[in-house]
Amino acid sequence: MKIYKADFITSGVNPEHYPEPLLPEVALAGRSNVGKSSFINKLVQRKALARTSSKPGKTQTLNFFNINDELMFVDVPGYGYAKVSKTEREAWGKMMEKYFTTREILKGVVLLVDIRHEPSADDVIMYDFLKYYDLSVIVVATKLDKIKRGQRDKQIAAIKRKLQFDGQDTFIPFSSETGEGVDAAWEAIYSHL
């Protein structure tokens, strides 16, 4: 995939802050520190389009990125970070629910999970929420380079089992370090547009 344009457009917390609905959107969701920013940066071949942080919970708004004037990535706040107040977590939840349930140009959601661990209760809730609203889901299992090749099938099976993975969805093992899964991710994203 040739990326000739990847620009941050705006941040928003309410529909009036969202950009004009001119391009199809793909949202990126996952718990804090799962590697959403690294995933975005690897796909668009940039080091710092989406800012990475060693401190989880930094994304607090919906962040919109124009990709090739063909689609918009929407980075949503990570969930499951304990050092954020309950009130703030509830506000993020309402913001994300409003976006997921009302944005008509949303074509799919990339749900990122860490391949090294079984999905958290929050991961399961998010997957169930997306399925309840009949949203197309691409599950991307990040940090593939952190496990041995012989563990891959076992970890993938455990993740699918815990999520009660729907076979109509796409599952992609991914490494932002090695680039494994980049082509499969682009293919899955474009199939939803």
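Visitor: Angles under 35 degrees count as roughly parallel, over 145 as roughly antiparallel, 65 to 115 as roughly perpendicular and the rest as oblique. At what angle do the axes of helix H1 and helix H5 cross?

Guide: In this predicted model, local features need pLDDT of at least 70 and side-chain atom pairs count only at pLDDT 80 or more, while totals for chains, interfaces and linings use all residues. Residues are numbered from 1 along each chain as its sequence is written, and side-chain values use heavy atoms, leaving out hydrogens and water. The axes of H1 (residues 36-44) and H5 (residues 182-191) cross at roughly 90° and come within 10 Å, and the two helices are therefore roughly perpendicular to each other. Axes are lines fitted to C-alpha atoms, for helices over the stretch in contact, with angles from 0 to 180 degrees between N-to-C directions; helices (H or I, at least four residues) and strands (E, at least two) are DSSP runs numbered from the N terminus.

Visitor: Which residues make that contact?

Guide: H1 brings Phe-39, Lys-42 and Leu-43, and H5 brings Val-182, Ala-185, Trp-186 and Ile-189, where contact means heavy atoms within 4.5 Å.

Visitor: Switching to the sheet, what is the strand order?

Guide: Seven strands form an open sheet with mixed pairing, in the order E1-E3-E4-E2-E5-E6-E7; two strands pair if DSSP finds at least two bridges between them. Strand E1 (6-12) and strand E7 (170-173) stand at the edges with a single partner strand each, so one side of each has no neighbour in the sheet. On average, neighbouring strands are turned by 25° against each other, direction ignored.

Visitor: How many bridges join E1 and E3?

Guide: E1 and strand E3 (residues 62-67) pair over six bridges in the antiparallel sense, and Thr-10 has Phe-64 in E3 as its bridge partner.

Visitor: Where does H4 lie?

Guide: Helix H4 (residues 152-163) lies across E5, E6 and E7, and runs at about 145° to E7.

Visitor: And the largest nonpolar core, which residues touch the most other members?

Guide: Among its 35 residues those are Tyr-99, Phe-100 and Met-126. Such a core is a set of buried Ala, Val, Leu, Ile, Met, Phe, Trp, Tyr and Cys residues joined through side-chain atoms within 4.5 Å, with buried meaning under 20% relative accessible area (1.4 Å probe, protein chains only). H3 gives the largest share of this core, five residues.

Visitor: What does Tyr-99 touch?

Guide: Leaving aside residues up to four places away in sequence, Tyr-99 touches Tyr-18, Glu-25, Ala-27, Leu-62, Phe-64, Val-74 and Leu-106. A second, separate core of 25 residues includes Phe-65, Ile-67, Val-110 and Ile-189.

Methods:
Buried < 20%, exposed > 50% of the residue type's maximum accessible area, 1.4 Å probe, protein only.
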